[in-house]
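Colleague: I would like to learn how to read a model like this one. Please take me through it feature by feature.

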Amino acid sequence: MKHLLRLSLLVLVVVAASCRSTRKISTEKIQTAISKKDTSSKEITVNDTHADTLKYIQGIVDKVTANHIDFKTFSAKMKVNYQDKDGEQPELTVILRMYKDSAIWISVSATLINIEVFRLLITPDSVKLVDKRAKKVHLRSVNYLRELTQLPFDFYTVQELLIGNPIYFDKNIISYRKNGQSLLLMSVGSLFKHLMTISDGDNLLQHSKLDDVDPTRNRTCDLTYSGYVNAVGGIRFATEREISVSERSKLDVDMNFKQFSFNETLDLKFSIPKNYKRD
C-alpha cells in the first residue's frame, strides 16, 4: 500500500515516467548526446560575461518561459502504469482537478475493476488522503509529500509537474549544447543539477534529468514529455509523460492523458465518511 500512496503523491504521483514507451529519452541517450563529439553538436560553457553570450542565454531562458502554461483551473483523466521493485503493477485510472495555487484533487481507481482506491486533496499547507480499501483517512501537513516521495516536493512543485511545466528550473545556465533538433541546457540550483532538453524551433520541453547536488546522495529523477497537442488559448500540452525516480529503490511511472480541459468550473467535493478511522 505504501507504494500506491507514494504513487498517488507522484502525480499522483508523480513528478513525468520511464519504462516502456518507445519514445522515451533514456539517461544513456542523454549522456551520449552530451559526450558525443561531431560537427553538428557543440557545447558551450557559460564562463564569461560577454554581452553576446549573456544575450543568447537570456534568449534561451525567455523561450522556455514563453511556453510556461498558465491556467486558472485544469482537469484531466489519465491512465497510469507503474513499475516498482516488485515489477509491473495493475493499471490505474486517475481523475485530476486543480485550482491554480489553491487545491489539487485526485481520484485513483483500479482500471480493471473500476473501483476508486484513493481520493486525495492537496492544498498549499495540507494533505488529505482517503484510503477506501483500508477505510482510513490520513490528515497531514504538506510535508507529507516529502515523506512519501522522498523528494523535496511542495504544493507548487506538484502543480507544475502535473500541468507539464519544468520543475526545479534554475535560470543560472552554466552550459548549453545544440544537438540536432534539440537544445540541451545545464543549470545548477540549490537542490539539483538540471539537464533540460527542449526542441529547437518550438522550444517545447522534451526531457529533464535531475541529479542531487548533495554528493552523499544518489538521488535522481528523469522526466520525459511527448505527445504534444494544441489546447485552447494556444497552450501546447504534453499528453504523454514518463517519470523515473530512484535513490535506494526505483519507481517508474507512465502517464497517458486521455482527456483534459482548462479554465472550466470544477467540483472539488471531498467528503470523509464518518466510519473511517483517522490517522
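Colleague: What pLDDT does the protein chain average?

Modeller: pLDDT is the predictor's confidence in each residue, from 0 to 100. The protein chain averages 79, and 80% of the residues score at least 70. This is a predicted model, so local features need pLDDT of at least 70, side-chain atom pairs count only at pLDDT 80 or more, and totals for chains, interfaces and linings use all residues. Residues are numbered from 1 along each chain as its sequence is written, and side-chain values use heavy atoms, with hydrogens and water left out.

Colleague: Where in the protein chain is confidence lowest, and where is it highest?

Modeller: Helix 2 (residues 27–35) is lowest, at a mean of 37. Strand 4 is highest, at 94. Over residues 11–42 the pLDDT is below 50. Beyond near neighbours in sequence, that stretch still has 95 contacts in the model. Contact means heavy atoms within 4.5 Å.

Colleague: How many helices and strands are there?

Modeller: Elements are DSSP runs, numbered from the N terminus: helices are H or I with at least four residues, strands are E with at least two. Here there are five helices and 16 strands.

Colleague: What share of the residues counts as buried?

Modeller: Buried means under 20% relative accessible area, exposed over 50%, partly exposed in between (1.4 Å probe, protein chains only). Of the 279 residues, 50% count as buried.

Colleague: Which residues of helix 5 are buried?

Modeller: The general idea comes from helix geometry. An α-helix has 3.6 residues a turn, so residues three or four places apart point the same way. In helix 5 (residues 155–163), eight of the nine residues are buried, so this helix is largely enclosed by the rest of the structure. They are F155, T157, V158, Q159, E160, L161, L162 and I163.

Colleague: What happens at the two ends of helix 5?

Modeller: At the start, a side-chain oxygen of D154 reaches to within 3.2 Å of the backbone nitrogen of Y156. Just after the helix, G164 has a positive phi of about 100°.

Colleague: Which strands pair with strand 4?

Modeller: Two strands pair if DSSP finds at least two bridges between them. Strand 4 (residues 92–99) pairs with strand 2 (residues 73–84) in the antiparallel sense over eight bridges. Strand 4 also pairs with strand 5 (residues 103–110), again antiparallel and over eight bridges. S75 stands opposite R97, and R97 stands opposite W105 in strand 5.

Colleague: Which residue has a positive phi in the turn between strand 4 and strand 5?

Modeller: D101. These strands form a hairpin with three residues between them, and D101 in the turn has a phi of about 60°. D101 is not a glycine. Its relative accessible area is 38%, so D101 is partly exposed.

Colleague: What is the phi of N114?

Modeller: The phi of N114 is near 55°, a positive value in a residue other than glycine. N114 lies in the loop between strand 5 and strand 6. At 65% relative accessibility, N114 counts as exposed.

Colleague: Is E116 buried or exposed?

Modeller: E116 is buried, with a relative accessible area of 16%. Its place is in strand 6 (residues 115–123). Look for polar contacts: pairs of N or O atoms within 3.5 Å; within protein, one must be able to donate a hydrogen and the other to accept it, and residues adjacent in sequence count only if both atoms are side-chain atoms. The E116 side chain makes one with the side chain of S107 (2.4 Å). Another joins it to the side chain of R119 (3.0 Å).

Colleague: What does the side chain of S244 join?

Modeller: A polar contact of 2.7 Å joins the side chains of S244 and D252. S244 lies in strand 14 (residues 236–246) and is buried, at 6%.

Colleague: Which residues touch the most other members of the largest nonpolar core?

Modeller: A nonpolar core is a set of buried Ala, Val, Leu, Ile, Met, Phe, Trp, Tyr and Cys residues joined through side-chain atoms within 4.5 Å. Of the 59 residues in the largest core, F74, I104 and F262 touch the most other members. A second, separate core of seven residues includes A103, W105, V130 and F270. Not counting residues up to four places away in sequence, F74 touches residues including L96, M98, I163 and F262.
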